[in-house]
Amino acid sequence: MSFLRLESLTKRYGTANAVEDLSLDIAQGEFVSLLGPSGCGKTTTLQMIAGFVEPTRGRILMNGDDITARKPNQRGIGIVFQSYALFPHMTVAENVRFGLEMRQVPVDECHRRVAEALELVRLDHLDDRYPRELSGGQRQRVALARALVIKPPLLLLDEPLSNLDAKLRENMQIELRAIQQQVGTTTLMVTHDQSEALSLSDRVVVMNQGRVVQVDDPFNAYERPNDTFVSSFVGKTNLLAGDIGSVQDGNASITLGDYTLEMPFAGDLHSNRIQLSIRPEKLELTDSDNGHLQGKVRTRLFLGNHWLYQIDSSAGELLVTLPNLGPTDFTVGDEVGVRWQPGAVRILEEQAHG
Ligand SMILES: Nc1ncnc2c1ncn2[C@@H]1O[C@H](COP(=O)(O)OP(=O)(O)O)[C@@H](O)[C@H]1O
Ligand SMILES: [Mg+2]
């Protein structure tokens, strides 16, 4: 049973479609992310759900009620904006209390709920500070407490962590997930950061140019991307062209550079050229006699926890990441082999029909 239902949501500005025919069901308590590049329609979608932007077409249902025409303050939704939008002249506690006062919650209860919300985000010791006296991460947590204190049935987060530096962002991701699980609020988060979407969400909705291109759990969105867009937006990948020689009993023999691989193939064959995707971390380097593909090291970068290699191979340029398990044997100019385990190569369906 879906808690939030979006039916063919569409927003047109002039002749441009910011969001096109977006349908989605979110279950009670679920954490869902809208993931896509800048300008793909994420914020517009969130603003339509919040009631700040009127859809050109489509409906929004919450708990079975059509809320499409309701004013924002009649929807009871909690929102954390990208900019946090804290009131600068109010203390932390006053910022958090504001929504309760607007709802005319009795003073005693206000007091208790503000204290609870601040404890939840671990800011109870800073309740009389002003926003300018807080770090970015602390402000972010005030914004979260302010949204959660009204006990919203639905929480909307618009790139809530994008203003934080990398280390703090990672900590906040862990905290945000813990808080969401503790409170159990159905949450829809917008982000352009794939690792954030993967690490926080129960499901990821990948968007491109106003449209949903894949809805999946994080593991599948990464491991089984539908097309070239998802495959390169959700993580790094190598996109390679292969030639299908023959298809027999659901198995294809595919030529990739100087190697021929056999793999299951269920699609229709419209062209012999197909697009393949292999993640950099699924490739291994060997001496040149033991690889599937022959190649030569063009560059390598040391990135702390791993090495990033650029290999000129018989199938084209390949990125290979190797975990940093100690000094590596392969250096610039070396002839190497490139191998992978069965199942590491994925055929991108879209291209198979192209
Ligand atoms: N008020 C507006 N008027 C005209 N175009 C808009 C307006 N708001 C957003 N857009 C356009 O709609 C598209 C989607 O924007 P947005 O939802 O903000 O993307 P995202 O949040 O994914 O970066 C963009 O091309 C943007 O320029
Ligand atoms: Mg946006």
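**Entry 1: ligand 1**

I sorted the shell around ligand 1 by class and got four nonpolar, five polar and one charged residue. My classes put Ala, Val, Leu, Ile, Met, Phe, Trp, Tyr, Cys and Pro under nonpolar, Asp, Glu, Lys and Arg under charged, and the others, Gly among them, under polar.

For the record, this is a predicted model, in which local features need pLDDT of at least 70 and side-chain atom pairs count only at pLDDT 80 or more, while totals for chains, interfaces and linings use all residues. Residues are numbered from 1 along each chain as its sequence is written, chains are lettered from A and ligands numbered from 1 in the order in which they are written, and side-chain values use heavy atoms, with hydrogens and water left out.

I listed the residues around ligand 1 as Tyr13, Ala18, Pro37, Ser38, Gly39, Cys40, Gly41, Lys42, Thr43 and Thr44 (a heavy atom within 4 Å counts as near). Helix 1 (residues 42-50) gives the largest share of this shell, three residues. Helices here are DSSP runs of H or I with at least four residues, and strands are runs of E with at least two, numbered from the N terminus.

I then looked up polar contacts (pairs of N or O atoms within 3.5 Å; within protein, one must be able to donate a hydrogen and the other to accept it, and residues adjacent in sequence count only if both atoms are side-chain atoms). A polar side-chain atom of Thr44 sits 2.5 Å from an oxygen atom of ligand 1. For Gly39, a backbone N or O atom is 2.6 Å from a ligand 1 oxygen. Cys40 has a polar backbone atom 3.2 Å from an oxygen atom of ligand 1. The protein buries 54% of the 560 Å² that ligand 1 exposes when taken alone (Shrake-Rupley method, 1.4 Å probe; for residues, only the protein chains shown count as cover).

**Entry 2: cavities**

I searched a 1 Å grid over the protein atoms alone: a cavity is a set of points where a 1.4 Å probe fits but cannot get out, a pocket is an open set with protein on both sides within 12 Å along at least five of seven lines, and lining residues have an atom within 4 Å of a point. Points are joined across faces, edges and corners, and a volume is the space filled by probe spheres set on them.

I found two cavities of 30 Å³ or more.

Helix 5 (residues 166-183) supplies the largest share, four residues. That lining has no charged residues.

I put the largest pocket at about 580 Å³. It is lined by 20 residues, of which Ile77, Ile79, Gly99, Arg103 and Ile150 are the closest to its centre. Its lining divides into 13 nonpolar, four polar and three charged residues.

The second largest pocket has a volume of about 320 Å³. Of its 19 lining residues, Glu223, Met263, Val345, Arg346 and Ile347 are the closest to the centre. I counted ten nonpolar, three polar and six charged residues in that lining.
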